[in-house]
Amino acid sequence: MPQFFSRTANSLARLSLLAVVLGIALIAWLGAMIVRSPYETLQDVPRRQPVPFSHEHHVGGLGIDCRYCHTTVEESSFANIPATKVCMNCHSQMWAVAPILEPVRESYRSGKSIEWTRVHDLPQFVYFNHSIHVNKGIGCETCHGRVDRMPLIWQAQDLTMSWCLNCHRDPGMFVRPKEKVFEMGYTPPANQREFGRKLVKEYHIQSLTSCSTCHR
Amino acid sequence: MKTEQTRDLVPLEALTDAAARKRYWRSLEELSDSPEFQELLHTEFPPNATEFLDEVSRRRFIQLAAASFGLAGLTACTRQPPEKILPYVNPPENAIPGHPLYFATAVPVAGVAEGVLVETHLGRPTKVEGNGEHPASLGATSVHSQASVLDLYDPDRAKEISHLGVWQSWEDFQLALMQSLTPLRSGKGERFRILTDTVTSPSLGAQIQAVLAMFPGAKWYQYDPAGRHSARAGALTAFGRDVNTYYRFDKADVVLALDSDFLACGPGSTRFAHDFANRRAGGDRSNMNRLYSIESSMTSTGGKADHRLPLRYAEIELFARDLAASLGVAGLTTSGSQNHPEWISAVSRDLMAHRGACVVVPGLHQSPAVHALAHAMNSALGNDGKTVIYTDPLEVQSTDQIASLRELVNDMDAGRVDVLLTLGGNPVYNAPQDFDFRARLHKVKTTIRVGLHSDETSVECQWQVPETHFMEDWGDTRAFDGTLTIQQPLILPLYDSTSSLRLLDSILNPPGRSSYEIVQNYWQKTNGANNFEQWWRKSVHDGLIADSALPPLTPQLKTDWAQSLSSPGQQGIELAFRPDPYLYDGRYANNTWLQELPQPMTKLTWDNAVHLSPATAKQLNVGNQDRVELNYRGNKVEASIWISPGQPENSATIHLGWGRWHSGRAGNGAGFNAYALRPSDALWGGSGLQIRRLDKDYPLATTQLHQSMEGRDLILSATAAEYKNNPDFVSHETKQPPKELTLYPQWNYTGYAWGMSIDLTRCVNCSACVVACQAENNIPVVGKEQVLARRAMHWLRIDTYYEGDPANPRAFYQPVPCMQCENAPCELVCPVQATNHSSDGLNDMVYNRCVGTRYCSNNCPYKVRRFNFLLFQDWVTEQTKLQRNPDVTVRSRGVMEKCTYCVQRIREADIQSRVEDRFIRDGEVQTACQQACPTRAIVFGDINNHDNEVAKLKSLNLNYALLAELNTRPRTTYLAELRNPNPELKSNA
């Protein structure tokens, strides 16, 4: 009776076993990569907005302070998205007939909100608070990136839990002087570790890693 | 579905024997210690709790399970759906997104209000808190105030104006109203009638008076099924005029409750409980007050009493008469019954020894004679103006409501009514059965109903006009002492609805002004102050009008008052009606929080029952959950039996407010309708009830047997005298192992260390904490079937323990939240690290990590963890989404959850204090249960700071931990209960 399988079949069988193991590992690794990739996190993806508002122009060009629009960033969990009224403070005079600003004027006339697309969207079970970070010397730039160079806003960081924990485990590496919090393009000193330790002590910063710090 | 109890578990004698052996017990089943009970005890959840109860075949279920397992992995590949941000166009002042705002208003229950602050998030009312400056609240709330926010978002509320079921506009309605009223004006409006519930609102009263002035022949009737009918009649007997009575328990050393549940029910109970508890557990506990309770059914107040005497409803009047005679009340003869002489002599001696510092409190549902006797006793004891305060009635116009309604019903029957305007109330459901309101309503040409719900009365009326919820409109109302509150709206009306004020104004000044204009205009006229604008702003802001409590009166007893007392007759089984502790007269029947809130003593949910004493039940050969037919004066109703320890013999108590047929999805069909038995001449009961057993079972969902901790010494108590002789009795009765005796790593809490102290002497079982917890923490309701499967979700439960004879036991109440153990058994067994310890000693629960193994719950000795067996949370109904607390994750199916000491509040305060670079002050963080508690039984704070109240309480020698011998080191500890019995009265009875 002729042999059905050649000699190489043994090796192939062993290889295929290995391939199955490796294949599963590869799929798991791919999954993990996809979850952390910009495809899933939307990191670095500019988002379409009803009005193409440019932070590059308003912050970088005109030098308007973050807090002119994001009024509650120092006192509340939510930094606030400016009311239509705030836009109209200037744009009832400047570019008052520009077609691009029609949705703003329409909102002001009708009393209906402009529907902005949320860019930094944490899951519903995560409770982030702007005020504590801003008041303890974490710069806007640290999480939001160079907003002054973004024509349309995108997410500069991946906002995963491990990214949060990087800083929560060692806040000294990211803290900056309070007066520099709203500054764009801040360069940390060469001795950040030492300098950070000093600020952590001065500002009474704690390394908070309890689950209920963020999950409630 | 299997029922948890079987009929007649053991004979009565065995129960009495067992009670002598066992100190504390939770239910008759536990006391009997039957094999069925043992089985129940050893399974944390009943056999069917983990099973799929829906009618799906096993094959189909496995198919679905396989499919969902296969697809589960794919969900990880979906991206988060895009979210929109809608900022304001013109931001309102003071609105900071992320910070709630609090507005003062008042919650009216049958016309009597409690001042509250309502928390709103970007215009959504989410939670009710007490108003610390309001005399009825002092910062705490009743269950009704807590639950009122759910009523606002009830998806079954009336939503549109309709005529004979057809949608109409407000203008159509106004036109039709004018058309039906105009022809009546020639006859001075004799054929126009207005029916309301009790009106205490001055502006609404003025509006009604104005309409009556416009139609001089028209008449106004008031009817509240559970109102103060007896109190009014009793005051008329005693003083010849109606008075409002309230009590100063802070000045009372001795309290005698005559069938009164003043600690948990009725107007002013939140304040009364507060004052009472302060006199009981204030200072060093050497000067405790004493409470005697004589009552016709087991209530929270009776369970709390130092001495309790169960008497039938009618016997209480005889007792009161004998007691009054022995107190030397003039012109009174004894009843001649010679019953309970030892009680009469001991109580009267105690009362007389505390002249001017004692109080006799009659129950709202007791007979007018008992009210008159209480007035006479208080007067004889010199309590008037000291512990008992009389004022003018709170009502705009005090009327004999039954006579008033009878007149209306007769006129309707005789065809003398053309237009009937019903504002609020629900007479088709709750009018006395012999009035036959429903049939007679149809003899009226035009019937108009303004109501919050499309209820039994609405559907029988031609015009249905939805009423605004009190959180949606302006109004005013009075508290138990007359203090006025101007109610302000917190949200625009959710539906096309109107207030009674606005509707009446559309008759007076068509097309009518807004409620704001009406209320402001009324107060501008009444107040007359030059700086009205300032006065108005301050009154609305504070939630009360300063110094508006009614001035005290000193009414004199009529000389011949005692002659009008009559002797009640009695035979057979007595029937006693009571308003439900939670649903009240039925108005809250569609409120799921109140439906699922375990009843104070029986812990029943979703049903009412006929309460019988163990001996009477045995005599009638009925057991728990048996279905019976009640026959009272020829009216019959089918009901279920519940055997209640402490119920008097030959007496059946039933609660009003159940068995509604048009209240909405939650209330329809829950319980049986006691109004069907209620005649107008025996509003609160009478004798001659017949009970016939039907061969039917009816499962009742009680939580009393859930989460049992197997009868270890969980309650510690002593009398004041024992405590004086042996102040360290607690440490003798508990065994705390040394701290080092553990395999857990030792941890030093250097920062905050959160802890809680619960004072059992103060807890009066009102359950406000349970509803407050539910509102704060987005806890779902599960429904009757799921409660039967022991899947109730309340994070905080109040365990009721009994001590002594089942015929008349003492009761102990123990609120049990998560203990936040330092050596937490739950944390070790979680395979996915979903429950961990925080640096400040909280036992954190991370919902998004939980995979639902339930190991933690198995390993929890206190049974405080709750599992979402099904998708209990309502993710669909738009209205209920608005109620949710945005600071707490909404949990889904398959997730374990539990109390976290309101960690969202702790973290918020922590952030606020760090922003301001300071420490959290004592009392800055209040848990929801603590904040709602009328008696301040729950105190929470940082135990590392020895100046904090909680640390001081924990250093008392009454402090003990539950199951301390397990060395779990719970952060929640209890203060042992002290009672102050009269040494003259040997036994409880």
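Reader: In E32(B), which residue is the bridge partner of B:Asp799?

Author: This is a predicted model. In it, strand E31 of chain B, residues 797-803, is joined to E32(B) by 7 bridges, and the two strands run antiparallel. B:Asp799 has its bridge partner in E32(B), and that partner is B:Gln814.

Reader: In the open sheet E1-E31-E32 of chain B, which strands stand at the edges?

Author: The sheet has 3 strands, and their pairing is antiparallel. An edge strand has a single partner strand, so one side of it is left without a neighbour in the sheet. The strands in that position in chain B are E1 (24-25) and E32 (810-816).

Reader: Is the pairing in the sheet E13-E12-E11-E14 of chain B parallel or antiparallel?

Author: This open sheet is formed by 4 strands of chain B. At its edges are strand E13 (307-310) and strand E14 (358-362), each of which pairs on one side only. Neighbouring strands are turned by 10° against each other on average, direction ignored. The pairing in this sheet is parallel.

Reader: In E12(B), what is the bridge partner of B:Val254?

Author: Strand E11 of chain B covers residues 254-258, and strand E12 of chain B covers residues 290-295. The two run parallel and are joined by 5 bridges. For B:Val254, the bridge partner in E12(B) is B:Arg290.

Reader: At about what angle does helix H13 of chain B run to E14(B)?

Author: Helix H13 spans residues 368-380 of chain B and lies across E11 and E14 of that chain. Its angle to E14(B) is about 170°.

Reader: How many residues of chain A are in contact with chain B?

Author: Contact here means C-beta atoms, placed from the backbone, within 7 Å. On the chain B side, 36 residues take part. On the chain A side, the number is 38.

Reader: Which element gives the largest share of the side of chain A that touches chain B?

Author: Elements of chain A that each supply at least two residues of this side include helix H1 (8-36), helix H5 (84-91) and helix H7 (130-135). The largest share is 3 residues, and it comes from H7(A).

Reader: In E2(B), what is the bridge partner of A:Thr117?

Author: E1(A) is joined by 2 bridges to strand E2 of chain B, residues 84-85. These strands run antiparallel. The partner of A:Thr117 in E2(B) is B:Lys84.

Definitions and conventions:
Residues are numbered from 1 along each chain as its sequence is written. Chains are lettered from A and ligands numbered from 1 in the order in which they are written. This is a predicted model: local features need pLDDT of at least 70, side-chain atom pairs count only at pLDDT 80 or more; totals for chains, interfaces and linings use all residues. Two residues are in contact if their C-beta atoms, placed from the backbone, lie within 7 Å. Two strands pair if DSSP finds at least two bridges between them. Axes are lines fitted to C-alpha atoms, for helices over the stretch in contact, and angles run from 0 to 180 degrees between N-to-C directions.
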